[in-house]
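I am opening my notebook to a structure that is new to me, and you are welcome to read along. Here is what I looked up, entry by entry.

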Amino acid sequence: MFVKIYTDGSARGNPDGPGGYGVVMEYVDTKGQLHVKEISAGYKKTTNNRMELMAAIAGLEALNRQCEVELYSDSQYLVNAFNKHWIEGWIKKGWKRGKNEPVKNVDLWQRLLKAKSAHHVTFIWVKGHDGHPQNERCDTLATTAADGRDLLDDVIL
């Protein structure tokens with residue numbers, strides 16, 4: 001099955017919350033019917049980058065069978081991270097940044113790699129704040145999630 005996943009995460013400019021992420025999944029079933037599934041959650045005391053990772057993880061983990069996935073994100077951090085240098089060095093081997101500065105979000109990167117390995121995933125960067133309809137859609141989701149303040153602290157590893 002081919003699935004398009006649109007994600008966005010936002011700390012709403014305040015690391016002490018509220019913040020949230022939004023995910024929309026679109027797919028066409030074997031009868032040609034379009035289906036849309038929405039996932040959103042609010043968080044507090046986290047960062048935009050963690051929000052972006054959680055959005056991608058939530059979308060991939062929600063798929064109950066192997067799929068070909070296009071994952072749209074306005075997070076250059078998320079999309080560009082999936083190059084050989086980051087995956088092999090920072091994520092899998094736990095390389096340090098600078099002078100003994102630990103790599104951030106390793107727990108989430110490992111969880112994302114596991115979720116990604118179950119599917120064929122293409123990450124597509126939708127540049128933010130340029131009026132692109134896919135980006136606007138993702139921004140709306142994150143805002144809804146943040147405003148909902150559905151705190152799911154136990155999901156953050």
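**Entry 1: a charged pair**

I began with D107, which counts as partly exposed because its relative accessibility is 26%. The model is a predicted one, so I kept that in mind for each entry that follows. Which side chain does D107 meet in a salt bridge? I found R50, with 3.8 Å from N to O. R50 lies in helix α1 and D107 in helix α4, so this pair ties together parts that are 57 residues apart in sequence.

**Entry 2: another charged pair**

I wanted to know how many salt bridges there are by this rule. The count comes to two. Beside the R50 and D107 pair, I noted E61 with R111, whose closest N and O atoms are 2.9 Å apart. Here E61 lies in helix α1 and R111 in helix α4, so the pair ties together parts 50 residues apart in sequence. As a reminder to myself, side chains of opposite charge can pair when their charged atoms come close.

**Entry 3: a lysine on helix α4**

I stayed on helix α4 and looked up K114, which lies there. K114 is exposed, with a relative accessible area of 65%. How far apart are K114 and L60 in space? I read 9.6 Å from C-alpha to C-alpha, while the two are 54 residues apart in sequence.

**Entry 4: the whole chain**

Next I stepped back to see the layout. I counted five helices and five strands in the chain. From the N terminus on, the elements run β-β-β-α-β-α-α-α-β-α. The chain has 157 residues, and buried ones make up 43% of them. I also looked at contacts with a separation of 6 or more: residues 24 or more positions apart account for 67% of these. As for the surface, the chain exposes about 8600 Å², and carbon and sulfur atoms supply 49% of that.

**Entry 5: the nonpolar cores**

Which residues have the most contacts inside the largest nonpolar core? I wrote down I5, L71, L78, F82, W109 and L112, in a core of 35 residues. Helix α1, residues 48-61, gives this core its largest share, which is eight residues. There is also a second, separate core of six residues, and Y72, V126, C138 and L141 are among them.

Leaving out residues up to four places away in sequence, L71 touches I5, T7, A56, L60, L78, V121, T122, F123 and I124.

**Entry 6: the aromatic pairs**

How many aromatic pairs does the rule give? I got two. In one of them, the rings of Y6 and Y72 have centres 4.8 Å apart and planes at 15 degrees, so I recorded the pair as stacked. Y6 lies in strand β1 (residues 2-10) and Y72 in strand β4 (residues 68-73), so the pair ties together parts 66 residues apart in sequence. Y6 is buried, with a relative accessible area of 4%, and Y72 is buried too, with 7%.

The other pair is Y77 and W109: their ring centres are 5.5 Å apart and their planes stand at 50 degrees, so this pair is tilted. Y77 lies in helix α2 (residues 76-81) and W109 in helix α4 (residues 106-117), so parts 32 residues apart in sequence are tied together. Y77 is partly exposed at 22% relative accessible area, whereas W109 is buried at 2%.

**Entry 7: a patch on the surface**

My last stop was on the outside. Which residues form a nonpolar patch on the surface? I listed V28, L34 and V36, which together have about 270 Å² of accessible area. L34 is found in strand β3, residues 34-43. With 56% relative accessibility, L34 counts as exposed.

Key:
Residues are numbered from 1 along each chain as its sequence is written. This is a predicted model: local features need pLDDT of at least 70, side-chain atom pairs count only at pLDDT 80 or more; totals for chains, interfaces and linings use all residues. Side-chain values use heavy atoms; hydrogens and water are left out. A nonpolar core is a set of buried Ala, Val, Leu, Ile, Met, Phe, Trp, Tyr and Cys residues joined through side-chain atoms within 4.5 Å. Buried means under 20% relative accessible area, exposed over 50%, partly exposed in between (1.4 Å probe, protein chains only). Helices (H or I, at least four residues) and strands (E, at least two) are DSSP runs, numbered from the N terminus. Contact means heavy atoms within 4.5 Å. Rings of Phe, Tyr and Trp (its six-membered ring) pair if their centres lie within 6.5 Å; planes under 30 degrees apart count as stacked, over 60 as edge-to-face and the rest as tilted. Patches are made of residues with over 30% relative accessible area and no salt bridge: like charges are joined within 9 Å, nonpolar side chains (Val, Leu, Ile, Met, Phe, Trp, Tyr) within 5 Å. Accessible areas come from the Shrake-Rupley method with a 1.4 Å probe; for residues, only the protein chains shown count as cover. A salt bridge is a side-chain nitrogen of Lys or Arg within 4 Å of a carboxyl oxygen of Asp or Glu.
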